[in-house]
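This short report takes up the overall fold first and then turns to one helix and its surroundings.

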Amino acid sequence: MITRSELRPTPPPTGVAELEVKSAPESIKAARDFVADWFANGSFDRDLVYVARTVVTELATNAHRHGSTKGDTITTRIFHTDAGPVIEVLDASAKLPTPKPLTLDGLTGRGLAMVDLMVSLWGYAPLPDGGKVVWALLRAHA
Ligand SMILES: Nc1ncnc2c1ncn2[C@@H]1O[C@H](COP(=O)(O)OP(=O)(O)OP(=O)(O)O)[C@@H](O)[C@H]1O
Ligand SMILES: [Mg+2]
């Protein structure tokens with residue numbers, strides 16, 4: 001069986017944009033603005049940029065709420081691959097995401113289910129030095 005961690009797209013040797021922030025409510029907006037700026041420098045479909053902003057918002061919110069305590073580092077990375085742009089959010093917690101099926105009546109537990117619907121592929125992997133990465137491969141053409 002192929003696991004989600006084995007599917008993690010390989011970053012190119014150069015051209016990985018990276019933002020490191022301390023976990024705080026403001027770090028979510030910082031990650032969103034960072035991704036929006038990266039897309040502003042290319043000629044991308046507006047829908048794809050919207051998806052990218054939404055995906056990073058969900059992943060950065062999770063990193064802040066579930067994957068870190070105040071002051072831990074949250075890292076957002078973005079890069080091109082042949083299959084499409086990849087967004088990664090790294091946090092300090094070894095606890096892995098537990099996606100739930102999308103329901104109409106739940107008030108929480110829908111972020112990752114929404115991400116799953118919006119991207120080509122997503123996954124997570126523990127990192128060698130502790131913590132983990134949650135990644136999403138966007139559709140090249142939204
Ligand atoms: N970065 C993370 N670190 C640790 N646990 C995580 C992380 N991301 C998600 N999880 C776990 O996976 C669950 C599902 O995440 P998901 O984003 O789908 O829902 P939620 O964050 O609980 O609610 P919502 O996103 O709808 O506000 C979370 O409740 C949490 O237990
Ligand atoms: Mg969430």
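## Fold and basis of the model

From the N terminus on, the elements of the protein run β-α-α-β-β-α-β-β, with 3 helices and 5 strands in the protein; helices (H or I, at least four residues) and strands (E, at least two) are DSSP runs, numbered from the N terminus. The model is predicted, so that local features need pLDDT of at least 70 and side-chain atom pairs count only at pLDDT 80 or more, while totals for chains, interfaces and linings use all residues. Residues are numbered from 1 along each chain as its sequence is written, and chains are lettered from A and ligands numbered from 1 in the order in which they are written.

## Burial and contacts

Of the 142 residues, 30% count as buried, that is, with 20 or more other C-beta atoms within 10 Å of their own, whereas exposed residues have 12 or fewer, C-beta atoms being placed from the backbone. Among contacts (C-beta atoms within 7 Å) between residues at least 6 apart in sequence, 68% join residues at least 24 apart.

## Helix α1

Helix α1, residues 26–40, has 15 residues and reaches 21 Å from its first C-alpha to its last, close to the expected 21 Å, which is 1.5 Å times one less than its number of residues. Buried in α1 are S27, I28, A31, V35 and W38; these buried residues fall within an arc of 110° seen down the helix axis, so they line one face of the helix, the arc being that of the directions from the axis to the C-beta atoms.

On the other side of α1, E26, K29, D37 and A40 are exposed. The cover over the buried residues of α1 includes β1 (17–22), α2 (46–65), β2 (73–81) and β3 (84–91).

Notes
Two residues are in contact if their C-beta atoms, placed from the backbone, lie within 7 Å.
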